[in-house]
Amino acid sequence: MSRLWITMMALTFVLLSSGCADKSVQPAPLQADTTSLYQALGNDVGVSAIIDGLLKRISTDTRIVHHFDATDIALFRERLIEHICWVAGGDCEYHGESMEKTHQGLNITQADFDALVGHLIASMKEQHIPLATRNALLKRLAPMYSDITYH
Amino acid sequence: MNIAINSFVLNYVKALPWLCLLLGSTTALAEGSRVVATGGATTIEGSAGGGIVPWAVINGYGSSGEWSATAMATGVYVDDFTLKVIGASLSFDNRFELSVARQTFDLDTMGGELGQDIVGVKYKVVGELLYTAMPQITLGAQYKKVDDFTLPQAVGARDDSGIDWYVAASKIFFDALAGRNLLLNGTVRATKANQTGLLGFGTQASNDYRFVLEASAAVLLTDNLALGIEYRQKPNELGFAREDDWQDVFLAWFINKHLSVVTAYSKLGSIAGFDDQQGWYVSIEGSL
Ligand code: HEM
Ligand code: HEM
């Protein structure tokens with residue numbers, strides 16, 4: 001499954017870089033799709049608003065907030081914005097660690113994960129992100145479950 | 001629970017005290033963490049699923065380490081019969097589900113009624129509906145016992161009780177159809193039940209299990225609205241009348257994590273010699 005994820009990421013990169021190399025060429029359908037997800041989320045402004053909404057919700061959720069007691073929130077915010085941009089096929093570089101490494105030792109449960117996904121959906125709704133766009137982002141985040149939970 | 005009671009409402013009222021007990025005995029039943037609609041609905045046999053097919057989902061919205069409880073009432077109104085069901089379930093850890101259901105089947109045209117009680121258990125073996133490439137797979141069992149064996153025996157049934165065993169696999173595919181999420185479910189059931197058990201179990205000639213296939217597909221049109229179809233193969237063992245496969249088209253409205261309503265149009269084929277039984281299915285479910 002993580003191999004599938006890596007393949008998808010690699011494919012995204014190949015398509016993105018080939019797009020950058022020759023901007024006069026008509027974008028391939030898949031490339032158009034990957035750039036448009038970041039655009040559909042509202043580019044940097046939109047993604048930042050979604051992440052701020054997410055952080056606001058996490059900070060008042062007693063079920064999961066304890067996981068972030070030792071976290072540098074400003075840095076975490078930057079990394080999350082970068083990460084979502086990267087996942088959504090935006091033109092960003094992600095400077096953080098892998099999902100598996102980052103969440104190692106945090107003992108994140110399925111309930112924690114479900115709670116965070118619920119907050120992400122609520123935050124996207126607040127920013128009036130349409131259903132199809134929300135589903136497209138969830139589709140790319142859902143496979144990270146196994147890297148993030150229970151270790 | 002063995003006395004047949006005519007009134008559906010009375011049945012519901014009767015169930016309330018122990019339902020409260022059920023809910024009361026589970027401490028700290030906060031709203032579950034799982035995403036809305038992922039608990040599915042509750043079948044006529046009390047297990048989480050669609051209307052007639054049990055899915056691999058666990059009832060309610062409890063996630064890991066969380067409890068959840070549901071209560072439901074369902075009516076199926078076809079040409080010559082009416083099926084009324086009340087049920088409740090308790091689940092833990094998004095892994096175990098215990099359910100009870102009481103069915104009353106009114107023979108509107110023939111006169112009289114049949115009924116059965118069903119106790120179901122379900123256990124999630126592997127996979128996560130939303131998150132893993134592996135579908136969520138559960139094993140389940142439904143113990144069923146008819147109220148009054150007179151009629152089932154008269155038409156050739158062997159036993160007044162039986163156990164159905166099933167394995168179900170479900171998966172949600174994000175962004176699968178025009179940006180909508182798609183749920184697919186397949187279930188294999190081993191059963192001896194005639195007309196789901198309302199006409200008893202096994203026949204004078206045979207006491208063997210039959211394997212049947214059941215399937216559902218649903219599209220989440222919005223966050224709260226699912227449109228789907230179901231197909232349920234049925235054994236056809238009793239000599240006195242033909243038994244057909246069942247199918248339905250349903251629309252489920254998950255109003256919030258506490259309340260959902262399902263309406264369906266169902267085609268139940270031939271029942272006890274009355275052919276082409278079709279009609280509406282309505283179900284309301286509460287969840288904690
Ligand atoms: C030093 C370690 C930990 C501390 C100090 C801690 C502290 C807390 C606190 C203060 C709460 C809130 C309780 C409440 O809202 O009533 C909580 C809830 C929770 N913790 Fe931890 N926790 C720790 C480790 C863990 C670990 C390792 C896990 C997972 C395996 C975990 C899972 C949970 C869950 C699922 C809840 C939510 C419970 C609920 O919603 O009722 N915690 N924790
Ligand atoms: C799709 C789901 C998730 C994604 C995409 C995600 C992404 C990230 C990213 C990009 C970082 C920053 C990595 C870095 O600084 O190098 C991070 C850190 C962190 N995540 Fe997640 N995460 C997810 C789910 C969760 C869940 C469910 C929890 C727990 C409730 C959680 C708890 C944390 C914590 C505590 C940190 C900070 C670790 C530290 O202090 O350094 N994450 N996550």
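Let's start with helix α7 of chain A: nine of its eleven residues are buried, so it is largely enclosed by the rest of the structure. By buried I mean under 20% relative accessible area, with exposed being over 50% and partly exposed in between, using a 1.4 Å probe and protein chains only. The buried ones in α7(A) are A:Leu131, A:Thr133, A:Arg134, A:Asn135, A:Ala136, A:Leu137, A:Leu138, A:Arg140 and A:Leu141. Helices here are DSSP runs of H or I with at least four residues, strands are runs of E with at least two, and both are numbered from the N terminus.

A quick word on what you're looking at. This is a predicted model, where local features need pLDDT of at least 70 and side-chain atom pairs count only at pLDDT 80 or more, while totals for chains, interfaces and linings use all residues. Residues are numbered from 1 along each chain as its sequence is written, chains are lettered from A and ligands numbered from 1 in the order in which they are written, and side-chain values use heavy atoms, with hydrogens and water left out.

Now, α7 also takes part in the largest pocket. Along with α3 (43-59), α4 (73-87), α5 and α6 of chain A, α7 (131-141) supplies at least two residues of the lining. The largest share, six residues, comes from α4(A). The pocket holds about 870 Å³ of space, and its lining has 35 residues, with A:Phe68, A:Phe76, A:Leu80, A:Thr102 and A:His103 nearest the centre. That lining divides into 25 nonpolar, six polar and four charged residues.

Keep A:His103 in view. What does the iron atom of ligand 2 have as a donor from the protein? A single one, A:His103 through NE2, 2.1 Å away; donors are N, O and S atoms within 2.8 Å of the metal, or 3.2 Å for Na, K and Ca, and water is not among the atoms, so sites may look incomplete. A:His103 sits in the loop between α5 (99-102) and α6 (110-126) of chain A.

A:Ile108 is in the loop between α5 and α6 of chain A, and is buried at a relative accessible area of 10%. Not counting residues up to four places away in sequence, A:Ile108 touches A:His67, A:His103, A:Phe113, A:Ile148, A:Thr149 and A:Tyr150, where contact means heavy atoms within 4.5 Å.

Next, the cavities: there are eight of 30 Å³ or more.

Among contacts in chain B between residues at least 6 apart in sequence, 58% join residues at least 24 apart.

Last stop, B:Gly87, in strand β4 (residues 82-92) of chain B. Is B:Gly87 buried or exposed? Buried, with a relative accessible area of 11%. Leaving aside neighbours within four places in sequence, B:Gly87 is in contact with B:Thr70, B:Ala71, B:Met72, B:Val100 and B:Ala101.

Key:
On a 1 Å grid over the protein atoms alone, a cavity is a set of points where a 1.4 Å probe fits but cannot get out, and a pocket is an open set with protein on both sides within 12 Å along at least five of seven lines; lining residues have an atom within 4 Å of a point. Grid points are joined across faces, edges and corners, and a volume is the space filled by probe spheres set on the points. Ala, Val, Leu, Ile, Met, Phe, Trp, Tyr, Cys and Pro count as nonpolar, Asp, Glu, Lys and Arg as charged, and the others, Gly among them, as polar.
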